[in-house]
Amino acid sequence: MALKLFGGPRTRASMPRWFMEEKAIDYELVELDLQSKQHHQPDFLGINPFGKLPALIDSDVLLEDGSPLKLFESGAILLHLAENYSGEIITPAQRALTSQWVLFANSTLSIALFVPSNREREFPRLMETLNQQLDPERPLVGDCWGAADCAVHAYLSYLPLFFPEIDLSPYPVVQAVIESTSRRPAYRFVMGYA
Ligand SMILES: N[C@@H](CCC(=O)N[C@@H](CS)C(=O)NCC(=O)O)C(=O)O
């Protein structure tokens, strides 16, 4: 199998894994145990020298020295999959907009959620705008659900899991997106709900 995803329960590997399940992309999952520090072992540091999950090996893409492509950062992995395996990126505009949303999710949105000092300042502003931009019935880019939706919806879906105390009622569209994500079979499978 060309694609090997290194992940573990409750890690950001769930995002590219969810994407591969949605798009029926074949992959092998290698689960590392963070408790026993498997991600700090030399074998894995040869794949991601920062010792963080997720990472991906794509043996269909070879580097100049003939070795397979090794990728870290969930956003880079997602963009590689979208570009090469899902057929969803056809035009330069789709490529640019998909990158925009994946980077927004992994940087701006992620920081607003997980850095406490930013949460107070940034969170309401981002949620208000997302509430206007999102539509549970319409993909963010192109005509079908894709990497942009995967990244943004994955982060929004962390909200009820990590911050159940946050009142999302001022953002009904965001709530609807979280609700519809939680019903997707591939998402439920990857999150261990199915
Ligand atoms: N920005 C990175 C974050 C990677 C990251 O922090 N992964 C966590 C799991 S979600 C990890 O491997 N933590 C273990 C460690 O840092 O030792 C990405 O999106 O891939």
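Trainee: How many Å separate the centres of domain 1 and domain 2, taken over C-alpha atoms?

Mentor: Taken over C-alpha atoms, the two centres are 22 Å apart. Before we go on, keep in mind that this is a predicted model, where local features need pLDDT of at least 70, side-chain atom pairs count only at pLDDT 80 or more, and totals for chains, interfaces and linings use all residues. Residue numbers start from 1 along each chain, following the sequence as written.

So where are the domains? In the protein chain, domain 1 covers 3–84 and domain 2 covers 92–190; bounds like these come from an automatic or database domain assignment.

Now for the place where they touch. On the domain 1 side, twelve residues are in contact with 15 residues of domain 2 (contact means that the C-beta atoms of two residues, placed from the backbone, lie within 7 Å). Two helices, H1 (14–22) and H3 (74–84), each put at least two residues into that side of domain 1. H1 gives the most, with seven residues. Helices here are DSSP runs of H or I with at least four residues, numbered from the N terminus.

And what is that side made of?
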